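User: Could you walk me through this one? I'd like the helix packing, then the cores, then the chain contacts.

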Amino acid sequence: MYVAVKGGERAINNAHKLLAEQRRGDKDIAEIETDQIEQQLSLSVTRVMAEGSLYDRDLAALAIKQGRGDLIEAIFLMRAYRTTLPRFAFSKPIKTAEMDVSRRISATFKDLPGGQILGPTFDYTHRLLDFTLMANGEAPTEAPSGEQPVDENMPRVLDDILNYEGLIQDEPVPVDENAPVADLTREPVKFPAGRDLRLQNLSRGDEGFVLALGYSTQRGYANSHAFVGEIRYGTVSVEIEPEELGFAIDIGDIELTECETVNKFKGSKTKLPQFTRGYGLVFGQNERKAISMALVDRAMRANEMGEQIMGPAQDSQFVMEHSDNVQSTGFVEHIKLPHYVDFQGELELVRRMRAEVEERLAKSEAENGTSQPEAAE
Amino acid sequence: MEQTVKNPADGAPDYNFAYLDEQTKRMIRRALLKAVAIPGYQVPFAGREMPMPYGWGTGGVQVTAAVIGPNDTLKVIDQGADDTTNAVSIRQFFAKTAQVATTEKTAEASIIQTRHRIPEKELREDQVLVYQVPIPEPLRFLEPRETETRKMHALEEYGLMHVKLYEDIARHGHIATTYAYPVMVDDRYVMDPSPTPKFDNPKMNDMAALQLFGAGREKRIYALPPYTKVKSLDFEDHPFEVQTWEDECGMCGARDSYLDEVILDDQGNRMFVCSDTDYCAERQDAGHRGPQHHDQPLGTADRGKAAE
């Protein structure tokens with residue numbers, strides 16, 4: 001017998017309680033603290049800050065804990081908190097040229113002014129599970145310091161070295177530091193979108209999505225072969241200039257990874273050939289994301305470069321509308337919400353269409369005396 | 001049936017009234033005014049990230065947050081019902097952040113937020129119906145490029161849509177769209193009515209209430225001012241028609257409402273019941289009975305009995 005059950009509110013509350021219980025796990029095991037997450041899962045923290053578009057390590061650690069380690073859930077929590085925050089100022093453009101560099105490498109030159117600085121990287125590790133970590137083995141030995149201090153004004157490979165010869169397309173810094181920059185969190189995106197908007201979209205875009213698209217450009221779904229001109233990772237200071245003050249003040253440091261790619265050249269009989277550029281910038285140390293972003297940025301410049309669009313990474317609307325994991329996960333998962341009203345409409349139509357076909361078949365059977373399935377086709 | 005309830009006034013002290021800050025509300029209201037001025041036209045707006053997922057009604061929630069005031073009474077339905085999980089969640093959200101009165105009664109609500117249905121009861125001039133919209137662009141599945149679809153709307157170039165409907169008839173003998181059935185608004189814009197069943201399309205025409213549509217993920221708002229002409233697309237020889245049922249509502253015996261099919265067992269037994277729970281309850285209160293009604297008013301059964 002059918003009885004409409006009204007348990008909605010109670011069921012939801014109980015589901016939330018069960019979720020909280022599962023998040024905590026076995027109570028005999030110490031509860032993880034957010035400062036442990038902040039320190040020891042720092043790459044998760046920076047990913048959540050980057051895609052959550054909010055630079056706050058403590059909140060990111062809290063979001064990771066609350067999201068049970070599901071980083072997209074954590075990013076969602078950050079975004080929902082972020083929208084409620086007032087904007088009290090816009091920073092001045094950060095100067096990555098003045099970055100306090102922890103790592104800086106170039107793949108285009110063996111040696112170069114400022115040197116190759118490896119810094120903390122997984123790149124040359126052997127991916128062998130280290131069972132001593134599981135057994136809470138010894139604390140790692142302290143890393144030795146370099147003999148020479150790192151160059152404070154680390155030359156930029158593209159601007160200071162390649163551009164010296166005019167070999168790479170010039171990208172002058174806008175004269176007006178206060179020129180408006182697009183912001184997709186405050187204005188609806190319209191297409192075609194400018195590069196500022198595209199870069200903002202990529203920087204907060206899903207790492208996996210940007211990675212896959214970047215990869216696709218290397219496999220023929222775009223034609224913009226790239227070299228990593230430079231990757232640098234370190235801290236830069238953020239400055240704001242309050243109107244009533246009239247000069248800039250430093251409000252703190254942020255960690256960034258920046259990648260500049262040197263891409264296939266362009267030129268003609270009358271114009272000197274020049275390499276072109278792709279750019280990636282992301283919170284924290286995330287070279288995978290920064291390189292992928294630079295690849296996709298360059299691919300999305302197809303129109304500007306007069307290139308034929310042949311791959312999804314070159315299609316700005318496609319990339320920008322599908323890069324956001326909070327949007328994607330919401331819409332993909334929403335199909336688990338009730339749809340029975342719509343489904344009822346489909347059921348009714350399919351039943352009606354089936355009845356009509358059956359009726360037609362029966363009629364032709366009666367007329368011909370035999371059933372001829374072919375005739376129905 | 002739950003009557004209108006007042007909600008405690010100290011719901012979410014850390015957040016502004018109805019969650020959104022006033023600047024954001026102004027931005028949304030400006031978009032709404034433009035939408036009302038150009039019925040059926042999709043106005044881009046800077047949709048915010050909300051504390052519920054995209055696809056769960058963030059557009060409708062933002063529109064409701066922008067128009068709601070302390071004296072409003074809010075009703076939220078999903079699939080026509082007040083007690084579906086997401087409707088409960090959104091109603092609780094506004095009970096907490098706006099502390100407004102909430103109700104399950106269509107007649108007592110000043111704002112009704114809905115997903116997938118229009119209430120059976122005729123709405124009045126002093127009511128606002130807010131729709132949650134997943135894909136606002138009716139041409140999207142015919143043309144994925146936004147730059148193209150904007151042009152098509154601007155030039156009133158809707159041939160592609162008619163070709164699609166014609167192809168349906170050629171292939172299936174019917175226009176094979178049962179929900180989100182495209183409508184022509186005020187003889188100008190083709191509009192997606194949101195995924196309501198086409199059964200509800202005629203209710204949109206000449207409706208006394210203001211109808212507002214919010215698509216959060218796609219960042220679009222559109223509107224139908226009261227008494228706007230809304231016509232479902234069709235052909236002279238294939239006129240638009242709505243779903244019909246051979247059955248009646250098992251609980252209240254209604255034959256004029258949209259029915260949901262309820263599977264009773266694995267032997268093919270099923271019954272039909274009104275999708276609009278308020279409509280059904282009101283009819284039962286008035287003494288109407290369907291064949292499966294055992295004088296158990298809808299909604300009062302506890303879970304133990306349900307299991308029997």
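Analyst: Helices (H or I, at least four residues) and strands (E, at least two) are DSSP runs, numbered from the N terminus. The model is predicted, so local features need pLDDT of at least 70 and side-chain atom pairs pLDDT 80 or more, while totals for chains, interfaces and linings use all residues. Residues are numbered from 1 along each chain as its sequence is written, with chains lettered from A and ligands numbered from 1 in the order in which they are written.

User: At what angle do α4 and α5 of chain A pack?

Analyst: Helix α4(A) covers residues 57-66 and helix α5(A) residues 71-82, and their axes are 8 Å apart. Angles under 35 degrees count as roughly parallel, over 145 as roughly antiparallel, 65 to 115 as roughly perpendicular and the rest as oblique. This pair is therefore oblique, at an angle of about 130 degrees.

User: Which residues touch the most other members of the largest nonpolar core?

Analyst: A nonpolar core joins buried Ala, Val, Leu, Ile, Met, Phe, Trp, Tyr and Cys residues through C-beta atoms within 7 Å. Buried means 20 or more other C-beta atoms within 10 Å of a residue's own, exposed means 12 or fewer, and partly exposed is in between; C-beta atoms are placed from the backbone. The largest core has 56 residues, and the top ones are Leu32(B), Ala35(B), Phe94(B) and Ile221(B).

User: Why is α7 of chain B largely enclosed, and what do its buried residues pack against?

Analyst: It's largely enclosed by the rest of the structure because 8 of its 9 residues, in the run 277-285, are buried. Among them are Tyr279(B) and Arg283(B). The buried residues of α7(B) pack against β12(B).

User: Which element gives the largest share of the side of chain B that touches chain A?

Analyst: 57 residues of chain B are in contact with 41 of chain A. The elements giving two or more residues to that side of chain B include α4 (146-154) and β11 (259-263). The largest share, 4 residues, comes from α3(B).

Conventions: Two residues are in contact if their C-beta atoms, placed from the backbone, lie within 7 Å. Axes are lines fitted to C-alpha atoms, for helices over the stretch in contact, and angles run from 0 to 180 degrees between N-to-C directions.
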